[in-house]
Each structure stands twice: as structure tokens, then as C-alpha cells.
Amino acid sequence: MAPLSYAPLDHGCSFSSDVIKEGIVATSGTTLRILSVESEGSCLGTEDEAFNSNKVDLRYTPRQMCLLAAGGHEGTKKLVLAIVECDYNEYSLRRKSAIGFDPSGSEVKNDDVDGMDIESDDEEKEEEDEDEKKVRATPIRGPVPDKPGQWGSCIRLLDPSNGCSTLDCIELEENEAAFCCASVRFNSRGGEALLAVGTVTGMTMHPMKFVSSQIVIYRVIDGGKLELLHRTVVDDGPVLALAHFQGKLLAGIGQTLRLYEMGKRQLLRKCELRGLPTMVKTLQAAGDRVYIGDMIQSMQFVRYDTVTNKLILIANDRMPRSITCQELLDMNTIAVGDKFGNISVLRLPHGADGRAVDMSGTRALWDSSRNDATPRLETLCNYYVGEVVTGMTRASLVAGGSESLIYVTVTGRIGALVPFTSRENVEFYTELEACLRKHAPRPTGREPQAYRSYYAPIKHVVDGDLCEIYGKLGFEEQKKIADELDRKVGEVIKKLEDTRNVLL
């Protein structure tokens with residue numbers, strides 16, 4: 001069996017005719033659809049049919065997105081997708097309109113040229129030309145600002161259940177850029193889902209400076225409209241990460257981690273942790289722990305003590321990593337991706353949380369000031385992808401299937417790391433990988449293990465791309481490798497298909 005990658009269907013039943021022997025007739029909204037499932041390769045999931053996608057044209061580069069519930073009543077709540085977009089060296093939409101720039105690139109037509117009738121053939125030609133223009137339409141770059149620190153940014157709401165249609169789009173003020181967003185439920189607001197957005201005004205990259213930084217709180221009304229509640233100005237650095245934490249808002253502001261409570265006119269500061277290495281880039285929270293991804297100095301694990309109302313650093317990673325994304329695997333384990341194309345899995349050592357805090361007064365203050373006293377995270381896995389990893393999540397692509405670590409890269413590639421559940425699979429794929437290193441062709445001329453260890457040695461990860469080459473080899477080479485593994489060719493191919501079917 002294989003999952004059907006298609007638009008959401010309301011009803012369906014079997015269908016057979018002279019043209020389609022085995023098919024499905026179904027309704028999707030107000031349309032009637034007849035589907036035909038090809039038997040060849042359907043169990044493997046081809047590259048074109050592996051995923052069902054919806055394309056949404058955005059105004060700027062998307063920076064982050066989050067799901068939040070819209071509506072006030074339990075029966076009318078629905079999920080909407082919030083996306084924050086921004087671009088550097090770009091005018092805002094209001095400024096472009098004031099200049100006279102039209103992003104659509106449409107030309108002004110003169111209706112009364114000579115007052116002559118145009119032949120039908122010419123009209124058909126014009127219609128064909130217009131259709132070709134629509135097909136080949138590409139975004140047009142607007143005027144380039146003459147000063148540094150110019151940003152264009154907006155906040156967009158999409159409806160995932162209706163073809164990702166745009167519900168609302170708010171253009172931000174001049175030179176204001178939105179970098180992060182999060183769905184937060186404050187206890188003081190009765191658990192209502194609010195949208196928190198971190199914005200920076202007048203930011204330049206080299207040197208790194210900015211005019212002001214704000215945390216903006218929005219409320220979703222009427223099923224898909226954004227209503228501004230208030231703005232909170234912060235002065236410790238740019239806001240690049242936000243997260244919901246125990247009915248409060250957790251914000252990464254430069255080198256500071258700060259916890260906020262909802263107020264009437266602005267957010268109220270509850271507690272903070274200063275002195276983080278460089279700049280907070282990513283945030284995740286679970287239980288009483290906070291997982292901080294630093295822009296240069298890898299991961300920091302922090303615990304929130306409710307008795308003393310303090311954020312306490314319990315462990316960090318000494319290996320420098322420029323974190324771009326992270327995903328929590330369990331309370332002690334986290335997977336991270338960096339801007340150099342590496343994926344790593346880090347784990348908190350056993351008992352490190354208990355050693356991090358000593359409530360005996362001066363000793364706790366002394367230990368917390370020593371760098372060597374902070375426990376070090378252990379590196380469980382390391383793998384070089386070859387592209388900047390922009391996002392990752394733990395999910396199952398098949399209903400009822402086991403979870404895998406899904407990641408995406410800057411070029412749009414989607415990959416997955418599938419966990420092995422038995423020692424037999426680990427030994428089989430390790431031996432197969434070793435054989436393919438010797439016998440498989442090298443299109444790039446590089447040794448596979450050296451390539452996957454480009455920045456750090458590969459650790460506890462099998463190269464799936466290399467194992468897939470086995471099915472493309474000739475029969476003689478396949479038989480030679482299968483003999484080294486003490487297996488038949490069919491058994492090796494079936495093992496590869498079974499592993500692929502676990503994911504797709």
C-alpha cells in the first residue's frame with residue numbers, strides 16, 4: 001500500500017470503464033474527479049508524485065511561519081497559517097506605489113489608436129500572446145534603495161483548508177522587518193491564541209546595528225483578520241526567536257533570553273537570562289526546559305525554576321555550530337541543522353540537570369560563573385547534507401507509520417533521516433554501505449565517507465543516497481555485492497524497498 005498524494009477528497013468509490021479499468025470517482029468541494037492510480041512504481045512513490053503541493057505567491061522572502069487557531073467559539077475554531085516575510089534592500093509596498101512602480105509589470109493600453117476594427121486573427125494572436133505572458137510571468141525587481149537598512153516586510157494569513165488562500169496581509173511600517181513569529185496562549189487572556197511577531201527597524205548587516213526592536217501582539221478576528229493589540233519596544237538586541245512557554249511568551253533578544261507576561265498596554269517582563277554567547281537564533285520549549293540555538297555557538301539547555309523565578313543554564317555544546325533550525329526529539333535529545341549543511345543530534349548527559357543547580361547559596365553562584373562547570377552536550381550523530389538546512393520537523397508521512405526526521409534545504413530539497421529499530425538493519429546497511437564505497441561509481445570523484453565528513457566526521461548515520469545506487473548497478477555488480485553480504489540480489493532490493501516504504 002502507498003498513500004495517495006492528491007487534493008483533499010470528500011467522498012469516493014470505485015470506478016471502472018473501457019478507458020479506465022481500475023479507478024476512483026470522488027468529489028472534492030464542487031468538483032467531480034476521476035482518478036487513475038498507475039500500478040508501476042506506485043508502491044515506491046515517484047519523485048513527481050511523492051508529495052501534494054500548493055503554490056502560494058508571496059510578496060517577500062518567507063522567514064518563519066506558525067499555525068494558530070482562529071475564532072472565539074469552540075465550534076467555529078479553525079487553523080490558519082501565519083507567515084512573516086521580509087527582504088533586505090527593498091522598499092515597502094507603500095513606497096513603491098508612491099514612486100509609481102507596478103509589481104505586476106502590466107502595461108497601459110491605448111484603446112483608441114486609430115478607431116479601426118481589428119481582425120479576428122489578430123485578436124486571437126493577442127490572446128495567445130497574453131496567455132504566454134502569464135505562463136512566463138516572473139516577479140519583477142523593484143527600484144533598489146540608495147541607503148543601507150531599507151527593508152520591505154509583511155505578515156500574511158493563509159487558510160490551509162482552502163487551497164492556502166490568503167485571508168489577510170498586513171504591510172509593516174517603513175524599514176521595519178519581521179523575522180520571527182509564534183502562537184502564544186497567555187494564561188491571563190484565558191488561553192486565547194494570539195500571534196506574537198518579532199520585528200526590527202533599520203537593521204544593517206555589516207556592521208550589525210539597528211534603530212529599534214519590537215514584539216508585536218496580534219489577535220485573529222472574524223476567522224482570518226489580524227487586529228493589533230499592542231507593541232513592546234525592547235532595547236537589548238534584535239528579536240530573532242519567539243516561543244510559547246507555560247502560558248507566557250519566551251523571547252530571544254540578542255544575547256538575552258527573556259520571559260514575558262501579557263499586560264494591558266505592553267508585555268510585562270518576568271525574568272531573564274543574560275550573557276548568552278552571541279545571539280539567540282532559535283527557540284523551543286518543553287516542560288520546564290528551554291532549548292536555545294545560538295547563531296554561532298551551537299546549543300544551550302536552560303531550565304526554568306518556578307520557586308525562584310529564574311532561568312538556569314544546565315548544559316551547552318562546546319563545538320561551534322551556526323544553528324539555522326532545530327527539532328526536539330525527546331526531553332534530553334535535540335536535532336540541529338547549521339548553515340554549513342550539517343545535521344547533528346545532541347543529547348544531555350545523564351544526571352546533568354541535577355548537577356547544574358546547587359541551592360546552597362554562594363556555591364551555586366560560584367559554580368555558575370565557571371565555564372568548565374557547565375555540563376557538555378554529547379554528539380550522538382553527525383551527517384553532512386551539502387546544502388544549508390533551513391528547517392526540520394519530526395513527523396510521519398504515512399498514517400500509522402513511525403516518525404522520521406524530515407528536513408528541507410535552501411534549494412528546496414526535502415530529505416529524511418529514518419531511525420533504525422533493530423540491530424539487524426544497522427549491521428545490514430553498514431555492510432552494504434562499506435561494499436558500495438568500493439564498487440559503486442563516484443560521479444563527483446569524491447570518496448563518499450570523506451564527503452559526508454566535510455566539516456566533522458560522519459557518526460552513526462548511514463548514507464542513504466549511496467545505498468540507493470545499488471538498484472542502478474548492473475546485475476553482475478549487484479550479484480557481486482550481494483555475495484559479499486551473504487544474501488541474494490532480491491533480498492537486498494527488498495530490504496531497500498521496505499525501508500523506503502517505512503517513510504513513504
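**Entry 1. Salt bridges**

I took a salt bridge to be a side-chain nitrogen of Lys or Arg within 4 Å of a carboxyl oxygen of Asp or Glu. With that criterion I searched the whole structure and found 25 salt bridges.

I note that the model is predicted, that local features need pLDDT of at least 70 and side-chain atom pairs pLDDT 80 or more, and that totals for chains, interfaces and linings use all residues. Residues are numbered from 1 along each chain as its sequence is written, and side-chain values use heavy atoms, with hydrogens and water left out.

I looked up Glu85 and Arg156, whose side chains form a salt bridge with an N to O distance of 2.7 Å. Glu85 belongs to strand β5 (residues 78–88) and Arg156 to strand β6 (residues 151–159), so that the pair, 71 residues apart, links distant parts of the chain.

Are Glu85 and Arg156 buried or exposed? I classed residues by relative accessible area, with buried under 20%, exposed over 50% and partly exposed in between (1.4 Å probe, protein chains only). Glu85 counts as buried because its relative accessibility is 0%. Arg156 is also buried, at 7%.

I next examined Arg274 and Asp236, which form a salt bridge with their closest N and O atoms 3.5 Å apart. Arg274 is partly exposed at 48% relative accessibility, and Asp236 is partly exposed at 27%.

**Entry 2. Helix α9**

I found a salt bridge between the side chains of Asp498 and Lys494, at 3.1 Å from N to O. Why are Asp498 and Lys494 separated by about one helical turn? They are four residues apart in helix α9 (residues 489–503), which accounts for that separation. An α-helix has 3.6 residues a turn, so residues three or four places apart point the same way. Asp498 is partly exposed, its relative accessibility being 36%.

I then checked the span of α9: its 15 residues reach 22 Å from the first C-alpha to the last, close to the 21 Å expected. The expected span is 1.5 Å times one less than the number of residues.

Which residues of α9 are buried? I recorded Val489, Val492, Lys495, Leu496 and Leu503. They lie on the same side of α9 because they cover an arc of only 135 degrees around the axis, the arc being that of the directions from the helix axis to the C-beta atoms. Their cover includes β25 (404–409), β26 (414–417), α5 (423–439), α7 and α8 (475–484).

**Entry 3. Surface patch**

I noted a nonpolar surface patch formed by Phe340, Tyr454 and Tyr455, with about 340 Å² of accessible area together. Patches consist of residues with over 30% relative accessible area and no salt bridge; like charges are joined within 9 Å, and nonpolar side chains (Val, Leu, Ile, Met, Phe, Trp, Tyr) within 5 Å. Accessible areas come from the Shrake-Rupley method with a 1.4 Å probe, and for residues only the protein chains shown count as cover.

I located Tyr454 in the loop between α6 (448–452) and α7 (464–468). Tyr454 counts as partly exposed, at 47% relative accessibility.

I looked up Thr324 in strand β20 (residues 323–330); at a relative accessible area of 21%, Thr324 is partly exposed. The C-alpha atoms of Thr324 and Val388 are 8.3 Å apart, although 64 residues separate them along the chain. Beyond the neighbours within four places in sequence, Thr324 is in contact (heavy atoms within 4.5 Å) with residues including Lys281, Gly337 and Val389.

I found Ser183 in strand β8 (residues 176–185), partly exposed at 23% relative accessibility. With neighbours within four places in sequence set aside, the contacts of Ser183 include Cys66, Ala193 and His244.

**Entry 4. Whole chain**

I recorded nine helices and 26 strands in the protein chain. Of its 504 residues, 39% count as buried. The chain exposes about 29000 Å², of which carbon and sulfur atoms supply 51%. Among contacts with a separation of 6 or more, 56% come from residues 24 or more positions apart.

Note on methods. Helices (H or I, at least four residues) and strands (E, at least two) are DSSP runs, numbered from the N terminus.
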